[in-house]
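Visitor: Hi! Could you walk me through this one? I have a few quick questions.

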Amino acid sequence: MTNTYAIVLAAGQGTRMKSDLYKVLHPVCGKPMVEHVVDHIIGIGADKIVTIVGHGAEKVEETLGGKSEYALQAEQLGTAHAVQQAEKQLGDLDGVTIVVCGDTPLIKSETMQALIAHHSETDAKATILTANADDPTGYGRIIRDADGNVLRNVEHKDATDEERSVTEINTGTYCFDNRSLFNALKKVKNENAQGEYYLPDVIGILRAENARISAYVTDDFSETIGVNDRVVLSEAEKVMRQRIAERHMREGVTIIDPNSTYISANTTIGRDTVLQPNTIIEGQTVIGEKCIIGPNSHIVNSTIGNQTTVHSSVIRDSIVGSSTAVGPFAHIRPDSNLSDNVKIGNFVEVKKSSLGEGSKVSHLSYIGDAEVGTHVNIGCGTITVNYDGKNKNTTTIEDGAFVGCNSNLIAPVKIGKGAYVAAGSTITKDVPESSLAIGRARQENKEGYATKLNLN
Ligand code: UD1
Ligand code: CA
């Protein structure tokens, strides 16, 4: 078995992005571009991955963590120079090495595998992944001889008008015999329009040495998109979005309108869940089976059980159980934990609170810093008064308690097990188990008073 290595180029600043964020860290469907690339490489089972870092090296290493090894390119002198930085880790090894740019997030594992297979079938020393572009502007062009053999690559900026009319482009992904690669790199010069050491020049160098060069043409140009600016970033986002939606649909998720549904790359969704239009699911989110999410819902970094509905609501950094209903128009803020069979109705805000099994907050309430037990009923308009201007205080509502409408629970305070709070109460003292608390002015009726006021 031949060993397979991978080099990911991720040292550039990405000037054309006009951004404080390094290019390869720009997210596509919520995941940094370079992480998409590295995950696809992991998908082919590479024996060693070396990512070339430079601009934002620390941040890139922090993002990829243990998924890759790293080589520093302190000065960005071009893509050939970048690959050379991996010589310490890879130079002495036998095997094939694929090189992928960190700004091509759409390249699939299957395509890399097909590239490697083509490389070994054609017994080549270098195989370049090419594609036909409708608009090849900016890409390197593949120059072939009359018989169709690849001679070299020419960069857009160095190309003649005739060369620019070629629509077959260098996708920036290559497969090399590892030793031939590192030998050829030593011969790359920087005499070109950009004064850079170009990696694709290796193709011409090996060709001049009569090494066998292959090209593998992919018919899916979209897969090879190189993100150099934000316009292309949005195109990549669109392709990735469709791809993610398709993956979920093939796994048994119904997406009513994939064009208005946004699912992050790191979301998992169970079978028979339905995503209604205008739903955005971000970050690391897990949604169970048979849920109905949306319309108009925004879920970020949250875990949701089975058979739960989330209608026109926002859920952030929280856990929601099974057979629970959220919304319409609810806001579940970070660190909330809603158990099973919970009901959160319209215009309810929950923050950093836990609600036990079967508890209900059906209308117009604020539940913040609260620990709510099981089967608690919280009436319309209830407010946990959690903030005294300095500290956030906890409200505890024990199992089976019933809080009447329009109550203020001034924290820290505890409503005991099975206790009742009369509607309209302002509760400042703990309510003992199984008792009724009434904290409001007693009503007085002045009989006949209205008639007296009415002077005729
Ligand atoms: C490159 C190719 C071009 C190809 C295109 C495909 C070269 C010279 N040109 O052009 O033929 O059509 O990709 O998308 O290779 N990088 C480094 N160190 C450097 C320079 C770049 O790590 O010194 C990294 C960048 O971070 C980026 C990648 O290499 O991830 C590609 O560099 P970029 O400047 O985007 O090259 P292109 O001009 O797009
Ligand atoms: Ca590029």
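Guide: Happy to. First a term: buried means under 20% relative accessible area, exposed over 50%, and partly exposed in between (1.4 Å probe, protein chains only). Strands (E, at least two residues) and helices (H or I, at least four) are DSSP runs, numbered from the N terminus. This is a predicted model, where local features need pLDDT of at least 70, side-chain atom pairs count only at pLDDT 80 or more, and totals for chains, interfaces and linings use all residues. Side-chain values use heavy atoms, without hydrogens and water, residues are numbered from 1 along each chain as its sequence is written, and chains are lettered from A and ligands numbered from 1 in the order written.

Visitor: Which residues cover the two faces of β6?
Guide: Val96, Ile98 and Val100 lie on one side, with Thr97, Val99 and Cys101 on the other, and all are buried.

Visitor: And which way does β1 run against β6, parallel or antiparallel?
Guide: Parallel, with six bridges joining β1 (residues 4–10) to β6; two strands pair if DSSP finds at least two bridges between them. Ala6 stands opposite Ile98. Strand β10 (residues 168–177) runs antiparallel to β6, with four bridges, and Tyr174 is the partner of Val99 there.

Visitor: New topic: what are the protein donors of the calcium ion?
Guide: Asp103 (OD) and Asn228 (OD1), 2.3 to 2.5 Å from ligand 2. Donors are N, O and S atoms within 2.8 Å of the metal (3.2 Å for Na, K and Ca); water is not among the atoms, so sites may look incomplete.

Visitor: How exposed is Asn228?
Guide: Asn228 is partly exposed at 22% relative accessibility, while Asp103 is buried at 11%.
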